[in-house]
Amino acid sequence: MSSPPESLRAIPPKGGRTPVAWQSQFHGGAEAEPSVPPRPFGWPVRTVLGITLLGVLALFAVLGPWLVGASPVVQDLRNTLAPPSAQHWLGTDVLGRSALARLAHAAQLSLGMALLAALSAAVPGTLLGIAAAWRGGRTERALLMLSDSVLAIPGLLLVLLIAALAPGALWALYAGLSAALWVEYFRVSRAVARPVLAGDAVQASRLLGFGRGYVLRRHLLPALAPTLGTLLAFTTSQAVLALAALGFVGVGMQPPTPELGLMMTEAMPYYEEAPWLIAAPTTLLVWLVAAMMLLNPDRETA
């Protein structure tokens with residue numbers, strides 16, 4: 001093979017540049033910058049705070065009842081409204097029950113039921129939203145009419161109507177929360193799926209012969225995941241607030257079940273002489289909702 005002509009030969013300039021950088025400059029391109037590896041923990045500060053706070057609360061809900069050891073329903077009428085001490089870190093209520101033990105069981109109940117209800121609503125709501133966007137026509141109109149009819153009823157009222165079938169039953173509250181939350185997943189997933197299904201990438205996949213499973217796995221789910229993650233945090237916090245609101249007005253869980261709203265109701269008559277009783281469930285509820293609100297997948301500058 002003959003050597004290139006002199007006009008195409010060049011001596012790499014001095015200055016310690018690498019052959020890659022010299023070739024980039026010789027061919028008219030900018031000198032290649034060294035690639036910066038991505039940050040292993042490049043999450044926003046708010047997301048880190050939310051995950052940390054939620055992790056602490058989850059550990060308290062899971063391990064708290066076991067670590068405290070005391071029963072949340074055993075009464076000790078000789079030790080009523082006791083202030084916080086080494087034996088009872090958050091004191092006792094009017095019936096002498098450990099406030100810390102009741103708070104740990106209440107956190108486990110509220111967080112567990114809210115998360116379970118949100119997940120139970122997310123699966124059918126997302127699938128129905130994808131089906132409406134995919135099929136269109138009569139199927140989409142029928143599902144939209146169903147979702148609009150559910151939205152016409154306030155969420156708490158819908159939960160109350162279903163919970164009236166079995167007052168104080170855990171399964172009735174769970175069913176009511178799931179029935180009230182699925183509509184949000186349906187509307188969001190349908191709104192996100194429609195432009196994705198009409199995009200060039202999905203059309204190209206269909207022309208190449210790929211099936212629905214491939215389109216769902218490679219196109220729809222990656223587009224839906226960030227939005228559904230944010231929505232899961234919001235709906236879980238909504239479920240926690242709904243449970244606390246129902247318990248506070250006395251139509252949710254019934255005594256002696258430890259529940260955040262019920263604990264606040266029981267402590268209301270004694271807020272002057274034992275303010276720590278109502279402060280404990282209120283603070284945990286605020287922290288739980290704040291942690292859910294901080295879980296935002298949007299990438300921001302930390």
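**Figure 1. Cover over the buried residues of helix H4.** What covers the buried residues of H4 includes H3, helix H5 (155–163) and H6, where contact means heavy atoms within 4.5 Å and helices (H or I, at least four residues) and strands (E, at least two) are DSSP runs, numbered from the N terminus. The model shown is predicted, so that local features need pLDDT of at least 70 and side-chain atom pairs count only at pLDDT 80 or more, while totals for chains, interfaces and linings use all residues. Residues are numbered from 1 along each chain as its sequence is written, and side-chain values use heavy atoms, with hydrogens and water left out. The buried residues of H4 are Glu 140, Leu 143, Ser 147 and Val 150, with buried meaning under 20% relative accessible area, exposed over 50%, and partly exposed in between (1.4 Å probe, protein chains only). Seen down the axis of H4, these buried residues fall within an arc of 90°, so they line one face of the helix; the arc is that of the directions from the helix axis to the C-beta atoms. On the face of H4 turned away from its buried side sit the exposed residues Arg 138, Arg 141 and Met 145. H4 has 15 residues and reaches 21 Å from its first C-alpha to its last, close to the 21 Å expected at 1.5 Å a residue, the expected span being 1.5 Å times one less than the number of residues.

Figure 2. Glu 140, which has its place in helix H4, counts as buried because its relative accessibility is 11%. Leaving aside neighbours within four places in sequence, Glu 140 is in contact with Ala 132, Arg 190 and Arg 194. With Arg 190 it forms a salt bridge, the closest N and O atoms being 2.7 Å apart; a salt bridge is a side-chain nitrogen of Lys or Arg within 4 Å of a carboxyl oxygen of Asp or Glu. This pair links distant parts of the chain, with Glu 140 in helix H4 (residues 137–151) and Arg 190 in helix H6 (residues 170–197), 50 residues apart, and both Glu 140 and Arg 190 are buried. Arg 194 is partly exposed, because its relative accessible area is 43%.

Figure 3. Arg 187 and Asp 148, another link between H6 and H4. Arg 187 forms a salt bridge with Asp 148, the closest N and O atoms being 3.5 Å apart. The two residues, Arg 187 in helix H6 and Asp 148 in helix H4, are 39 residues apart and so link distant parts of the chain. Arg 187 is partly exposed, with a relative accessible area of 39%, and Asp 148 at 43% relative accessibility also counts as partly exposed. Packing of helices H3 and H9. H3 and H9 pack at an angle of about 145°, with their axes 9 Å apart; axes are lines fitted to C-alpha atoms, for helices over the stretch in contact, and angles run from 0 to 180 degrees between N-to-C directions. The contact is made by Ala 99, Arg 102, Leu 103, Ala 106 and Ser 110 of H3 together with Leu 260, Met 263 and Glu 266 of H9. These residues divide into 5 nonpolar, 1 polar and 2 charged, where Ala, Val, Leu, Ile, Met, Phe, Trp, Tyr, Cys and Pro count as nonpolar, Asp, Glu, Lys and Arg as charged, and the others, Gly among them, as polar.

**Figure 4. Backbone details in two loops.** A cis peptide bond, with omega about 5°, joins Pro 255 and Pro 256, and Pro 256 is found in the loop between helix H8 (212–248) and helix H9 (260–267). Leu 81, in the loop between helix H2 (45–68) and helix H3 (99–135), has a positive phi near 50°. Most residues other than glycine have a negative phi, and most peptide bonds are trans.
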